[in-house]
Amino acid sequence: MKNTTSLSAQAIILLQNHIKKLGFTPVIHFELEGCYQLDVRIKKFSLNYPRINRQLANAGIDGELVPEYWRNQWEYVSLFNGQSPLKEADNLSQALKILPRLFAEQGIYKTLIKPVVWAGDKGKLANGSGDIFTTETRAVHIPNAVQMNISAIDGEGNNIIIDGGFGEYLQQCFLDTSLNCSLIYLPEEEAFERLALKSKYGLAAELCSPIDISGGHQGSIALYKEVGKHNQAMGEEPLLYDHNNNVLVSQQNWQKTARIEHRLGASSTQYNAYFNIIYALLNLIDALEVYKGDNCRRLLRKDVHQQDLPLSLYDNNLTTGVGAISLFENDNWFSESLNKLSGQSLGCEQMISQSNLGDKIKQMILAPYQQKLILKQSFIRYK
């Protein structure tokens, strides 16, 4: 794991430096959902979020925990402390390791960082309601997501997501690469079961997690400018409060908060923050190269069709079709893009000593699954 992290960190530094040479600063932040389970003997419990957030800060992690929608569900939210993408990957990777211990210190029986928490809550929403539950109860399988927020700042400190069609073109880049790279952000089989929760269990009213690759401002790869996912005004900044700390006057500075939000990732202990940062930066570089040539609007497609995600990690011609492993293995965009950039750095970046960095990291991503397939095939032959 240490070698994996080291090589991935080198790749991220390479990509950060390339973006810097183009004249921009990349901005990437994570949000990750999870749940916890209490001992059945505990009847009343209130998680001390401020305590955990102090502990995260003391560990040098630029993030905090907040309560989420479902019972016993929490969300790790990245803080805007000006951290680099590499530091952001370090933050999430470290948080995933220490959060179970921090929860246990408060008497939490089990920390669940997984795509689905089965029967994690109970409830049934009233027809046509977004937040009113009926007296009828049923098991709700809670989907837990990882989201990446991506933007870029120019040399004058401006967010270029809003300029010259850049945000729309960056969104198009992610739409084009998300299918074949789904293995990176959907790293285990249960992640694909998460995608089917709404249709398979009739939970469409209760769950709002995405199920396919789609754009716009409400899709799974969303472009947020003036309005967000729920059509809420973006970037509202309070200007005047009353004596009860209620906001009296505010202004909307959506230009500052505009971003792409990649909402397809599944929470998992197997989720690799470094691989996902590399994936995001490669898309960002593709878009920046076009932006530098003032071609973003000209190269935008008029119609963007929704795409179904793979149904499994594995191939099955009779049921699930081509799986995420094969899609990633047979596609060359990720590896060739990284190979090209690492090749360009030869002679000026001492830490990168070969031009096949993309091939190496691609193989690192595939290796755990290939080992499982070999063991599975060996077991079948033995039987």
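F334 counts as buried, at 1% relative accessibility; the term means under 20% relative accessible area, with exposed over 50% and partly exposed in between (1.4 Å probe, protein chains only). F328 is buried as well, with a relative accessible area of 1%. The model is predicted: local features need pLDDT of at least 70, side-chain atom pairs count only at pLDDT 80 or more, and totals for chains, interfaces and linings use all residues. Residues are numbered from 1 along each chain as its sequence is written, and side-chain values use heavy atoms, without hydrogens and water.

Of the 383 residues of the chain, 50% count as buried. The secondary structure comprises 12 helices and 13 strands. These are DSSP runs numbered from the N terminus, with helices (H or I) of at least four residues and strands (E) of at least two. Contact means heavy atoms within 4.5 Å. Among contacts between residues at least 6 apart in sequence, 72% join residues at least 24 apart.

The whole structure holds 11 aromatic pairs. Rings of Phe, Tyr and Trp (its six-membered ring) pair if their centres lie within 6.5 Å; planes under 30 degrees apart count as stacked, over 60 as edge-to-face and the rest as tilted. One of the pairs, Y185 with Y279, is tilted, at 6.4 Å centre to centre and 40° between the planes. Y185 lies in helix 5 (residues 182-185) and Y279 in helix 9 (residues 273-292), so the pair links distant parts of the chain, 94 residues apart. Both Y185 and Y279 are buried. The ring centres of F328 and F334 are 5.6 Å apart with planes at 65°, so this pair is edge-to-face. Ring pairs also join F174, Y185, Y279 and W333 into a cluster.

F328 has a charged neighbour too. The charged end of K362 sits over the F328 ring, 5.8 Å from its centre. The criterion is NZ of Lys or CZ of Arg within 6 Å of the ring centre and within 35 degrees of the ring normal.

Helix 9 packs against helix 11 (residues 333-344) at about 70°, with axes 11 Å apart. Axes are lines fitted to C-alpha atoms over the stretch in contact, and angles run from 0 to 180 degrees between N-to-C directions. Helix 9 is therefore roughly perpendicular to helix 11, a term for angles of 65 to 115 degrees. Helix 9 contributes I278, Y279, L282, N283, I285 and D286, and helix 11 contributes W333, F334, S337, L338 and L341. These residues divide into eight nonpolar, two polar and one charged. Ala, Val, Leu, Ile, Met, Phe, Trp, Tyr, Cys and Pro count as nonpolar, Asp, Glu, Lys and Arg as charged, and the others, Gly among them, as polar.

Terms used. Parallel < 35°, antiparallel > 145°, perpendicular 65-115°, else oblique.
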